[in-house]
Amino acid sequence: MGGPMRALTMAFLASLLAFVGRARAEPARQGAYGGLALAGSLEPFGANNELQRGCTDLGAAVCSTPVPFGGGMFGYAGGMVGTVGLEIMAGGFMDYTRPSATFDGVPHKPHGNPLVSTPRREETFIILRGGAVLAPRARVWVDAGRVAWSFAGGVGLSYRYMALEREVTTDGALEDRPYFSHGTPYISPGLSLDASAQIRSTPTLALSIGLGLWAETAWGSTRAVADPTRTLQGSGKVEPVATPPYLMAYGLQLLLLPYLGLAFGP
Amino acid sequence: MLRYACLLAAMLGALLPACRSEQRTEIVVGVSTQMRVPRELTLVRVVATSNRGPLACETRRLVGPAPAQVAISIAGGADQVINVAVAGYLEAPPADPCSVEGAVVLRRARTRFVGDLRLYLPMPLRRSCASVACDAGQTCLGGECAGSDVGEGGLVEYEPSLVYGDTSFCFPRSACFEDVIPAVLVDPEDCTFQLPDEVPDDAKNSGRLNLEVLHEDLSREVLDLDPVEGFVRVRDRSDRFRIAPSLCKRYRAHQIASLYVGANCPPKESLRPLCKVEPVAGPAPREDTLCTSPLELPPARAAVYALVDSSRSMRHAFGSSPFKTAVDLVLRAQFLRNTVLGMRLLPGTASACVSEANPFATLDGPSAVPLGPPDAARAAFDAILGYASRVRPNDPPLFLDAALHDRGAYQALSALGADVARKSVVIVGNRELFSRCSPSLGATSGQAYFASQKLGISTSVLLLAAEPDADYGNHDPYIDGLAIARSGGGRFGDGTGDDKAMRLALAAFAADVGSCLYDVPQTIDTRGDLSRVSVSYFDVLRSQRADVPYDSTCKNGWALDGARVRFCGNACNDMRFAMSTTTHYAIERGFVPVDFPVRWAAPCAR
């Protein structure tokens, strides 16, 4: 995953520098500005959850790991001199994913533990993440008639809270009540990059269409709480079911935030 | 600092793989035992060596109650061979920390490290291997010496849940053996057993089966699904299983007293640890503190003389009858093995109404079975009860009073002498339980009372259903039978309802004869302070061991009765209830009744 991320970052920085060069030719503007937007959230490379990182370590035969998606709202406000501004960006986001794992009763890696592969079952998860981000950013504008191109970037902080739910179904009569783990928070430094087109409708109001990128780390301990007593039950029978401390996210989290909003200012 | 470096790498998205932790090359030795801690084991020593020298010598104190579980990690190099010896000790081990001499139980394994993997090597210490010495290079498996090589291909990556019984993967013994059912022996040659029909079909078909063995000292051990040290399912027979050959030898040698089935859970795999049992508040259970002798207290010798009415009204009890089948099954019960049984058919004749010895005083002739051990009696009973032709064509007078005369059946039992602790006459009939002789020899209840008080012989009555046209002689056999049993210090069994009632009564008779009175082997010292001695057995109904306390007054507990042990009061009632219930359960389903081995449990001498 390092390759695509690095390429994306480099392309973004190159574009930003090119537009900053053009921006120097624009007439000077001054004053306060701001914006408000509704954003989608998409994590194209996934959150690196347990099923993504080690499906066979869990004892499963195959896992499905769709990308997390969701949405949120963010705003920014700052002051500008000429085509460059300094702002504070704050937002709240939520996303979720529904990975699943299929266990066929046998381990699928050398020296795998057969106990965790039984009984044959299907496990489906819902992993929810919500939180807020805050980042001081620098912004530049490039005017092109009614449309102004705007680019922002900065480093900030994020607070996230993640929670997980799991359901298990088996061929037999065994069932498990849904497993809701206690949530786990994490706080991370974050990198915010943003590119948008601002279509002016008045001298101080524009419709903003853009794409943001938020990078943060979930560290290595964003785990659900293990349930050592978890069992499948039915018809008077009991079978254990592995309920380890699932990693809900791990390491680099790269979120794409397509958004639509309003921009205010000169 | 590393965290910040990793963060930077993560944010740049380029160096993330470099932050992964390095894998270790280790073997994690998982020691577990179901032996009692600290009564049987207190310490475990793990000694690991390679061809380059010692890798680890560690001694750990075990924490009870069972199961005790310990994990010790041993680092090595890829493909390096490792020899592991795990020794369990009751007392202090040798001073040399790498010596495993003098261990109570020892297990060895030889395997190989695999690069960058922490592999788990299970090393259970089993009771069957206690005091079994094997040559170096060998280990004890199921009580026999065998090669100690463990292919590294069979080892799995270590997880704490493989060792410690505090995760969802531990085997919940209490839940899986909530109700235990005695296994039914099918083939004693290879120890193939059958699941009782009480086990639901879906449990059989889905393989839900666990086994618990009752060792000779009444300790229990859950078996793994393992062809060498546990059991296997019989191919194509969902209702059968077979224990490992080494365990089969122990079973045949009576070192395993019983096998019990739990049908709630899938079989316990050898990788699955038993769930940890939290210590209960208060004093430790007696079985945890007492040393139980492997020697059995055998049932005291007993004799049963059956008087069976062969009148026309009893024709349903002869031939291929439920009664005959039930009798045959009851006589297979191990708790009756020291009982001799005989039989004579009623009716008698008027000529037997004499004051001297009458024909009932001997068990000769075609209508009688001489007193003999159960196996012989079974065949002889079958030769009579199994043939409907032995039934009379009419309902003549029985002359029961002639049979119950002190020179009749009672004389046959009196002749056996004092070494037979229990003597019983059992009347099986459905009519004519009153006196017929003239001049009178006395009322039948009076005769039974005399035998009980003067001769120490009890008289019981098993009343069976009668044909509608039976000749009752204007007497109610129920009242007469009840009077005889009450006067005779015996049991009245009402089998008139249906076959189930008959079997229930038969099981109760068997339990009366085979319970509560036991001989004591000469090697057991019954002198001294007995107040801390228990006489113990496994109560199948409650799925737990029963430790009967000493009670010198013999009101509720056990007491010495001469050279024998006698259960008294509720202690006896409880045992008889368990015995009769399980016996009824067995014969109702066509199985041999489960045994109730009894053991002497005294404070440990150390």
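Biologist: What makes strand 12 and strand 13 of chain B a pair?

Modeller: Strands count as paired once at least two bridges are found between them. In this predicted model, strand 12 (residues 184-187) and strand 13 (residues 192-194) of chain B are joined by three bridges and run antiparallel, so they pass that cut-off. One spot to look at is D187(B), which sits opposite T192(B) in strand 13 of chain B.

Biologist: Which residue takes a positive phi in the hairpin of those two strands?

Modeller: That's C191(B), with a phi near 55 degrees; the hairpin has four residues between strand 12 and strand 13 of chain B.

Biologist: On to helices. Why are helix 6 and helix 7 of chain B called roughly antiparallel?

Modeller: Their axes cross at roughly 175 degrees. Angles over 145 count as roughly antiparallel, and therefore the two helices of chain B get that description. The axes of helix 6 and helix 7 (residues 374-385) of chain B also come within 10 Å.

Biologist: Which residues of helix 6 and helix 7 of chain B meet?

Modeller: From helix 6 of chain B there are K324(B), V327(B) and D328(B), and they meet R378(B), F381(B), D382(B) and L385(B) of helix 7 of chain B. By class, that contact has three nonpolar, no polar and four charged residues.

Biologist: What is buried in helix 11 of chain B, and what makes a residue buried?

Modeller: A buried residue has 20 or more other C-beta atoms within 10 Å of its own. In helix 11 (residues 477-487) of chain B, the buried ones are P477(B), D480(B), G481(B), A483(B), I484(B), A485(B) and S487(B). The buried residues there pack against strand 23 (422-429), helix 10 (444-455), strand 24 (457-464) and strand 25 (489-495) of chain B. After helix 11 of chain B comes G489(B), with a positive phi near 65 degrees. Over chain B, buried residues make up 49% of the 606 residues.

Biologist: How is chain B divided into domains?

Modeller: The assignment gives domain 1 (21-162), domain 2 (173-262), domain 3 (302-514) and domain 4 (517-603).

Biologist: How do you know that domain 3 and domain 4 of chain B are in contact?

Modeller: Contact is called when C-beta atoms lie within 7 Å. On that basis, 18 residues of domain 3 of chain B are in contact with 15 residues of domain 4 of chain B. Helix 6 (322-330) and helix 12 (499-514) of chain B each supply at least two residues of the domain 3 side. Helix 12 of chain B gives the largest share of that side, nine residues. By class, the domain 3 side has eleven nonpolar, two polar and five charged residues. The centres of domain 3 and domain 4 of chain B are 28 Å apart.

Definitions and conventions: Residues are numbered from 1 along each chain as its sequence is written. Chains are lettered from A and ligands numbered from 1 in the order in which they are written. This is a predicted model: local features need pLDDT of at least 70, side-chain atom pairs count only at pLDDT 80 or more; totals for chains, interfaces and linings use all residues. A residue is buried if 20 or more other C-beta atoms lie within 10 Å of its own, exposed if 12 or fewer, and partly exposed in between; C-beta atoms are placed from the backbone. Domain bounds come from an automatic or database domain assignment. Two residues are in contact if their C-beta atoms, placed from the backbone, lie within 7 Å. Ala, Val, Leu, Ile, Met, Phe, Trp, Tyr, Cys and Pro count as nonpolar, Asp, Glu, Lys and Arg as charged, and the others, Gly among them, as polar. Axes are lines fitted to C-alpha atoms, for helices over the stretch in contact, and angles run from 0 to 180 degrees between N-to-C directions. Angles under 35 degrees count as roughly parallel, over 145 as roughly antiparallel, 65 to 115 as roughly perpendicular and the rest as oblique.
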